[in-house]
Amino acid sequence: GPDKSLALLQTHLEKNHPVECFRAFRKSDNDLPDLEQLEKCAVAVFFTRRLTIDGDQLRMVKNYLASGKPVVGIRTASHGFQNYLEMDKEVFGGDYKNHHGNNLKCEIQVVEERKTHPILKGVESYIGHGSLYKNADIAKDCTVLMTGGIEKFTYPVAWTREIKGRRVFYTSLGHQDDFKEESFLKLLTNAVLWAAGN
């Protein structure tokens with residue numbers, strides 16, 4: 001899952017860019033140690049799913065989010081913390097309402113009028129892996145970079161949001177097989193660099 005996938009992303013980032021990554025992995029659903037690293041990081045990347053952390057650990061997450069520093073969210077981050085499900089709307093501007101079946105072929109497409117956006121540099125449309133998340137009604141201040149389509153449904157699958165100078169990127173892609181797609185790794189790498197302001 002995310003542990004393996006984030007290790008791939010870390011390798012990709014550190015090999016190609018002058019960045020240093022710190023990772024915090026869950027010990028159990030209600031224990032996510034090492035969150036004090038949030039205090040010194042330039043960008044936080046969240047890829048958690050329904051963790052039930054509370055108390056000091058949740059406070060460290062909320063303190064980071066309140067600081068106005070950049071945030072990148074991957075897939076299940078929209079429902080990453082069971083005790084703070086509002087993060088989806090408040091931070092990402094998302095509208096996660098479950099997902100379509102896994103068996104449907106999903107076409108991931110770059111939004112034509114956004115293709116010069118720095119996050120999309122070197123990113124091509126591809127056939128997605130895993131289920132398509134339903135995010136029908138994302139915040140008006142989001143800029144959609146990519147969409148995902150199956151049958152008669154199309155939803156945004158990657159977008160940016162800037163509020164009070166803070167840069168936020170979220171993608172509902174991130175099935176483990178997406179991490180084998182060069183375009184997806186480029187998308188995430190570019191997003192982290194864009195969020196950091198370079």
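Predicted model: local features only at pLDDT ≥ 70, side-chain atom pairs only at ≥ 80, totals over all residues.
Reader: Is Asn-190 buried or exposed?
Author: Asn-190 counts as buried because its relative accessibility is 16%. Here buried means under 20% relative accessible area, exposed means over 50%, and partly exposed lies in between, with a 1.4 Å probe and protein chains only.

Reader: Where is Asn-190 found?
Author: Asn-190 sits in helix H4, residues 182-195. Helices (H or I, at least four residues) and strands (E, at least two) are DSSP runs, numbered from the N terminus.

Reader: New topic: strand S2. Which residues are buried on each side?
Author: S2 covers residues 71-74, with Val-71 and Gly-73 buried on one side and Val-72 and Ile-74 buried on the other. In a regular strand the side chains alternate between the two faces of the sheet.

Reader: And which strands does S2 join?
Author: S2 runs parallel to strand S1 (residues 44-46), joined by three bridges. S2 also runs parallel to strand S7 (residues 166-171), with four bridges between them. Two strands pair if DSSP finds at least two bridges between them. Ala-44 stands opposite Val-71, and Val-72 stands opposite Phe-169 in S7.

Reader: What do S1, H2 and S2 make?
Author: S1, helix H2 (residues 55-66) and S2 make a right-handed β-α-β unit. Right-handed means that, with the strands pointing away from the viewer, the path from the first strand over the helix to the second runs clockwise.

Reader: Which residues of H2 are buried?
Author: In H2, the buried ones are Gln-57, Leu-58, Val-61, Tyr-64 and Leu-65. Seen down the axis of H2, the buried residues fall within an arc of 120°, so they line one face of the helix. That arc is taken from the directions from the helix axis to the C-beta atoms. On the other side of H2, Asp-56 and Ala-66 are exposed.

Reader: What covers the buried residues of H2?
Author: The cover for the buried residues of H2 includes S1, S2, helix H3 (87-92) and S7.

Reader: What about the loop between S1 and H2, is Arg-49 there buried or exposed?
Author: Arg-49 lies in that loop between S1 and H2, and Arg-49 is exposed, with a relative accessible area of 54%. Apart from neighbours within four places in sequence, Arg-49 is in contact with Thr-76, His-79 and Gly-80.

Reader: Where are Glu-151 and Lys-164?
Author: Glu-151 is in the loop between strand S5 (142-150) and strand S6 (153-163), and Lys-164 is in the loop between S6 and S7. Glu-151 counts as exposed at 67% relative accessibility, and Lys-164 is exposed with a relative accessible area of 86%.

Key. Residues numbered from 1 in each chain as written. Heavy atoms only, no water. Contact = heavy atoms within 4.5 Å.
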